[in-house]
Structure formats: C-alpha cells, structure tokens
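Please read the points below with the sequence and the model open.

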Amino acid sequence: MTHAEPVEFTHRQILTVLGGLMMGMFLAALDQTIMATATRTIADDLRGFDLQAWATTAFLITSTISTPLYGKLSDIYGRRPFFLLAIGIFVVGSFLCGLSGDMWQLAAFRAIQGLGAGGLMSLSLSIIGDIVPPRERAKYQGFFLAVFGTASVLGPILGGFFAGADTILGTDGWRWVFYINVPVGLAAMAVVARVLHLPHHRVEHRIDWPGALTLIIGLVPLLTVAEQGRDWGWDSGRSILCYVIGAVGLTGFVLAERAYKDEALLPLALLGKRTVAVGVTASTILGMAMFGGLMTVPLYLQIVKGSSATLAGLQMIPFVVGIMGGSIISGQLISKTGRYRIFPIVGSVFMVISLFLFSLIGADTPLWRTMLVMVLMGLGLGSNMQPMITAVQNAVSPREIGTATGAVTFFRSMGGTLGTAIFLSVLFNVLPGNIRDAYASARVTPEFQQALAADPAQAELLKTATGGAGLADTSFLNQLTDVIAHPFKVGFAESVHVVYLIAFFVMLLGLIVVFFLPELPLSQRSAQQARAEDALQATGDGPA
C-alpha cells in the first residue's frame with residue numbers, strides 16, 4: 001500500500017475550497033439570525049407563542065451535542081463525507097421545518113436541523129486546519145467571520161421580509177425562512193463534492209459510544225433547564241430533576257473518557273495540554289460574555305430606541321464591521337510575525353472595556369455613542385476567536401485537529417447557552433422593580449402629570465406597563481406618548497446595566513485566563529502535509 005504524498009494546496013485551490021466551506025457556514029450563521037426577526041410571526045401562526053422557546057432549545061441541544069461527535073468521527077474517517085452529511089441533514093431539517101403544522105413539529109424538525117448545524121462550523125475550521133499551515137491559517141479564517149458578518153446583517157432583513165409577507169409563491173411567507181436554506185445548501189453540497197478532495201490515511205480506532213451516550217444524558221437536561229428554567233422556576237421539581245440527571249450523565253461521561261483515553265470523544269489528555277485547557281476555558285467565558293452582549297443590544301435598540309426588528313439588525317452593522325476588522329488585522333499580523341498570543345489578550349481587553357462602557361449607556365444616550373462601543377466589542381471578538389482556534393490547532397497533533405476544534409467550538413457554545421440563561425434571568429428579575437422605581441420618580445414631575453391629564457386613556461395603558469403583562473408584550477409602548485413611555489425605557493436601560501456589569505466581571509476572569517496562553521512556534525506545515533510526511537517516515541523506518 002502506498003501512502004499519500006504530502007499535499008500542498010495553492011492559494012487558488014485554498015480559495016476554491018474556502019468557497020464551499022463558506023457556503024456551508026453561511027447556512028448555519030443565517031439560520032440563527034433570520035429566526036430572530038421571524039420567531040414571533042411563526043409562533044403566532046402555529047398558535048404556540050408560549051412554546052416558541054422549545055424551537056430554540058431543540059436546535060441548541062442537538063447542535064451542541066453533535067459538535068464533538070463530528071470532530072472525532074471526521075478525525076477517524078475523513079472530513080469530506082461528514083461535511084457533506086452535515087449539509088444534507090441541515091437541508092432536510094430545513095425543508096421539514098417549512099412543512100411544520102404546529103409548534104411541537106417545528107421543535108422536532110429544528111432538532112434535526114441542529115444535528116446538521118453542529119458539523120457546519122467545527123468541520124469548516126478543521127478542514128482549513130488540514131490544508132493551511134498555522135502560520136497562514138488566521139488569514140483565511142478571517143473569511144469565516146466575514147460570512148457571519150454578512151449573515152448577521154442579511155438575516156434580520158430577510159427574516160423581516162419573509163415574516164411580513166402573507167404568501168410567497170402560494171406558501172406562507174414565514175416558511176421561506178426555512179425553504180431558503182434548501183437551494184443554498186444544495187449548491188454548497190455541489191461545490192464541496194466537486195472541490196474538496198483531501199487525501200485521508202485511515203487509522204483504526206474504537207468509537208467512544210459510551211462517551212457519546214453519557215454526554216447526551218448529561219447535556220440534554222442541563223441545556224433544557226438553562227433554556228426553560230426561568231419559566232419553570234430554578235428550584236422547581238422539574239429543574240431539580242434536570243440537575244440530578246445532568247450530574248449523573250456528566251459523571252458517567254468523565255468515567256467513559258478516562259476508560260477510552262486517547263480514543264475518547266473529548267480525550268482528557270488533550271484537555272490536559274496547557275494551550276487546549278486555556279483555549280476551552282477562555283472560549284467558555286468568551287461565549288458567556290459575547291452572548292450577554294449580543295442578546296441585550298438588539299433588545300435595547302428595539303425597546304429603548306424604538307427600532308423595528310429589521311432596523312435593529314441593520315444598526316448592529318458597526319458590531320459586524322468591528323468583528324471583521326479585528327479578524328482581518330489579527331490574521332494578517334499573525335501571518336507576518338508568527339506570533340498569536342498578544343491578540344486574544346488585546347481582544348479580551350477590548351471586550352472588558354466595551355462591556356464596561358455598555359453598562360454606562362442609558363435611555364437618553366445618543367445612538368452613535370452606542371455604535372462606537374459596538375465597534376470596540378466587535379474588534380475584541382474578532383481579535384479573540386480565530387487566533388484562539390489557531391493556537392489550539394497548532395498545539396495538537398495533526399490527527400487531533402478535528403477533536404480539538406470541536407472541543408473549542410463545543411465549549412464556546414456551552415458558554416453561550418449558560419450566559420444566555422443567566423443574563424436573561426437577571427434581566428427579568430430586576431426589570432419589574434426598576435420600571436416601578438422609574439415610574440415612581442416620574443409621577444412627581446409636572447411634565448408627566450400634564451401628559452397623563454391630557455389623555456386619560458394613557459392611565460389604563462400605564463397599568464399594563466407597570467404590571468407583569470408589559471414584559472410579555474412590549475408593543476403597548478408604541479401607543480404611549482413619549483413622556484409616559486420614557487420611564488419604562490429608563491427602567492429597561494437600568495436593568496441592562498446590571499447584565500453588562502455581570503458580563504464585565506465575567507470577561508475580567510476571561511482576561512486573566514488568556515494570560516496563561518503559551519506562545520508556541522507556529523508550524524509552517526498544514527495538518528494534511530504533516531500527516532502524509534509522518535506516514536512516509538513510518539514506511540521508511542519500517543522494512544528498510
């Protein structure tokens with residue numbers, strides 16, 4: 001048997017492969033942002049507004065759990081078949097979502113979609129690790145963040161357009177939120193099938209099914225309670241049952257990983273490497289802080305600044321510009337200097353500063369000032385995410401790139417889920433009291449009293465604003481006069497301050513963790529070249 005010769009891809013070949021990978025990633029990125037503006041319309045049409053969180057939870061659970069599975073299996077059997085499988089599952093799931101007749105069906109089909117989405121991100125990053133040397137990798141990975149930037153701008157616009165149309169080609173407008181993925185996904189599969197031909201040297205491994213099973217038992221209840229706990233009550237019987245099952249599952253997972261050693265789904269020895277340990281810890285913390293910011297900024301823009309969902313999406317463009325700028329600048333400098341450690345540190349400093357500045361933004365802060373902070377936060381994220389992936393990929397053997405990349409993506413997703421659950425709980429816990437306090441302060445002012453006397457109907461609406469119903473549906477704000485709506489906005493802005501202060505302290509911890517990242521020399525060989533050269537050496541050292 002002859003082993004594959006070391007393969008070196010030209011810049012043009014890399015860009016061709018990159019085109020297929022970016023189309024696959026665009027599917028996952030667009031799906032997250034397009035749903036944000038369409039969820040309410042979908043939930044109303046399927047008569048399940050109170051069940052809408054399950055559509056998000058189902059997607060989140062399957063995409064998070066499948067991420068490390070794709071990484072490990074692709075290390076064993078090769079990237080191409082699993083990347084094509086991920087796109088295929090995502091396309092089928094999207095088509096089924098478009099056919100949904102009720103909210104429970106949508107949640108089930110979103111779970112199928114999530115099974116595909118889990119591979120789109122981690123496998124794209126792993127494939128780039130295969131064909132591009134670490135020294136050059138950050139340059140190309142900047143393209144991926146450009147995909148996310150484009151999706152985060154296009155998503156809310158398309159979501160608003162589809163949700164706002166009664167019918168398109170004889171079908172409910174919102175169903176095209178899912179159907180749009182079908183042609184894009186099929187095109188991505190065609191490109192990937194044509195251009196992605198990576199030589200793969202098969203290595204026999206045991207597959208860690210006990211690890212996969214215990215991970216599912218551990219994470220499904222914990223992710224469920226993270227998403228639903230605010231409605232159930234964190235100390236309710238259902239929540240406590242989820243904690244217990246989750247703890248049992250995670251204990252079983254650790255025991256399974258110890259037993260399988262190097263063949264484990266998430267090898268403990270891999271997590272024992274300093275670069276990987278710092279990478280997954282920092283990514284978890286970054287995920288928490290990032291989602292805390294990403295979740296609350298659009299809410300602030302819509303409720304406090306009165307923007308529509310589509311306009312709020314457009315107003316997030318400075319954030320996208322920052323991410324792309326940070327990613328491109330750090331990628332070019334890493335390529336020129338061969339040094340990467342400084343960028344996650346600088347990025348974390350930017351994140352800490354931006355979260356603190358967000359905590360100072362009030363109801364009357366000019367929008368341009370908020371947008372400047374968005375740019376700074378974007379620069380921080382762009383300087384942090386890709387260099388950390390490069391550092392981790394560079395620190396592991398070529399055979400472990402998929403597993404290591406999957407681990408970083410997995411922990412970032414877990415951090416995001418945890419952050420969303422914590423920050424939403426904090427926000428809705430402090431919100432009612434802050435709104436009541438803001439109205440109590442406003443009632444004694446002549447302007448407020450005059451506005452109330454001028455239109456008695458406003459008093460009835462005001463009862464909604466200060467009662468629990470106001471938090472379930474904030475559309476009544478459009479019917480209030482500016483003077484009477486202002487205290488509600490002040491209360492909301494002050495509640496968001498609390499969220500950003502918590503995120504600020506979380507990110508401070510992240511900054512401390514990043515200082516422990518070692519600076520290893522960046523390899524000049526791609527993982528594919530390294531694997532092929534190792535195989536040739538093995539045959540040369542054999543029966544000579």
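1. Helix α13 covers residues 317-337, which makes 21 residues. At 1.5 Å a residue the helix should span 30 Å, and its end C-alpha atoms do lie 30 Å apart, so expectation and model agree. Note that the model is a predicted one.

2. Which residues of α13 are buried? They are Pro318, Phe319, Val320, Gly322, Ile323, Gly326, Ser327, Ser330, Gly331, Ile334 and Ser335. As background, an α-helix has 3.6 residues a turn, so residues three or four places apart point the same way.

3. Just after α13 comes Gly338, whose phi is positive, at about 75°.

4. A nonpolar patch lies on the surface, formed by Val349, Ile353, Phe356, Leu357, Leu360, Leu501, Phe505 and Leu508. Together these residues have about 650 Å² of accessible area. Two elements, α14 (342-358) and α20 (482-514), each give two or more residues to the patch. Helix α14 provides the largest share, with four residues.

5. Val349, one of the patch residues, sits in helix α14. Its relative accessible area is 31%. Val349 therefore counts as partly exposed, because that class lies between the limits of 20% for buried and 50% for exposed.

6. For the whole protein chain, the secondary structure consists of 21 helices and two strands. The chain has 544 residues, and 54% of them count as buried. Its accessible surface is about 22,300 Å², with 66% belonging to carbon and sulfur atoms.

7. Of the contacts in the protein chain between residues at least 6 apart in sequence, 83% join residues at least 24 apart.

How values were computed: Residues numbered from 1 in each chain as written. Predicted model: local features only at pLDDT ≥ 70, side-chain atom pairs only at ≥ 80, totals over all residues. Heavy atoms only, no water. Buried < 20%, exposed > 50% of the residue type's maximum accessible area, 1.4 Å probe, protein only. Contact = heavy atoms within 4.5 Å. Areas by Shrake-Rupley, 256 points an atom, 1.4 Å probe, with all protein chains shown as cover. Expected span 1.5 Å × (residues − 1). Patch = residues over 30% accessible without salt bridge, like charges linked within 9 Å, V, L, I, M, F, W, Y side chains within 5 Å. Salt bridge = Lys/Arg side-chain N within 4 Å of Asp/Glu carboxyl O.
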